[in-house]
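The notes follow in the order in which I made them.

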Amino acid sequence: MTDAPAPELEQEPAAAAALFGDRIELARSFTGELARRGEELGLIGPLEPSRLWTRHILNSALVAPLLEAGGRVADVGSGAGLPGLVLAIARPDVSFTLIEPMERRCDWLTSESERLGLDDVTVVRGRAEDVADEIVVDQVTARAVSALSKLIPLTVPLVRSGGQLVLMKGARVDEEVEKARKVILRKRLTDVEVLELGDGVVEETTRVFRATVD
């Protein structure tokens, strides 16, 4: 019995060039490297290369316009660099701190940020709750980390007063918001909203929970 061939990298969608602009070559390089080494390093599953652009890269890049120019952003649970490295590619005017507890993933994040020349990226090994005393940023991102009721208490301590949570969520985000109502009140979040990004641009839109930290 022979092993099934590895899935080929998904063809680059037309929307990619528009989302990344003059940074598209960096996005292509990162996507290609993630497709080539991602499964081996335990960063992505075996089926992901065939949907890497649409499901992961563009999904992350859609968040880029929500980031403040010249701001400091922490990405919690960066893993393969989704959305942290993708956003660093799309927004070279923003400084990123990628927070990741697993050493192997930190090595990947560091090597890729260096290979791609992303000078405003710092990789911190640890959990959000362990580094909250050391890091204060304008905005926090996270993708596929945990439910909002658990994620909000982890991310709020990283954000300055007046800063924002910009948390990527799935199709059931409204349910998560309802279940997190008490946490939202307790953490005194304001301007709470759910955004749907990329409608008419990509096949799979991106949902974002955004809120201001008091």
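I took contact to mean heavy atoms within 4.5 Å. Among contacts in the protein chain between residues at least 6 apart in sequence, I found that 69% join residues at least 24 apart.

The model is predicted, so local features need pLDDT of at least 70 and side-chain atom pairs count only at pLDDT 80 or more, while totals for chains, interfaces and linings use all residues. Residues are numbered from 1 along each chain as its sequence is written, and side-chain values use heavy atoms, with hydrogens and water left out.

Overall build. I counted elements as DSSP runs numbered from the N terminus, with helices as H or I of at least four residues and strands as E of at least two. The protein chain has nine helices and seven strands. Its radius of gyration (over C-alpha atoms) is 17 Å, close to the 17 Å from the globule rule (2.2 Å times the number of residues to the power 0.38) for 214 residues, so the chain is as compact as a globular protein of that length. The C-alpha trace spans about 55 × 40 × 35 Å along its principal axes. Of the 214 residues, 51% count as buried, that is, under 20% relative accessible area with a 1.4 Å probe and protein chains only.

Pockets. I used a 1 Å grid over the protein atoms alone; a pocket is an open set of points where a 1.4 Å probe fits, with protein on both sides within 12 Å along at least five of seven lines, and lining residues have an atom within 4 Å of a point. A volume is the space filled by probe spheres set on the points, which are joined across faces, edges and corners.

The largest pocket has a volume of about 420 Å³. It is lined by 21 residues, and Gly77, Ser78, Glu100, Ala144 and Val145 are the closest to its centre. Strand 2 (95-100) and helix 6 (128-131) are the elements that give two or more residues to this lining.

The second largest pocket holds about 300 Å³. Of its 13 lining residues, Arg55, Asn59, Arg143, Lys169 and Gly170 lie nearest the centre. Helix 3 gives the most to this lining, three residues.

Val213. I located Val213 in strand 7. Val213 counts as buried because its relative accessibility is 4%.

Methods:
Buried < 20%, exposed > 50% of the residue type's maximum accessible area, 1.4 Å probe, protein only.
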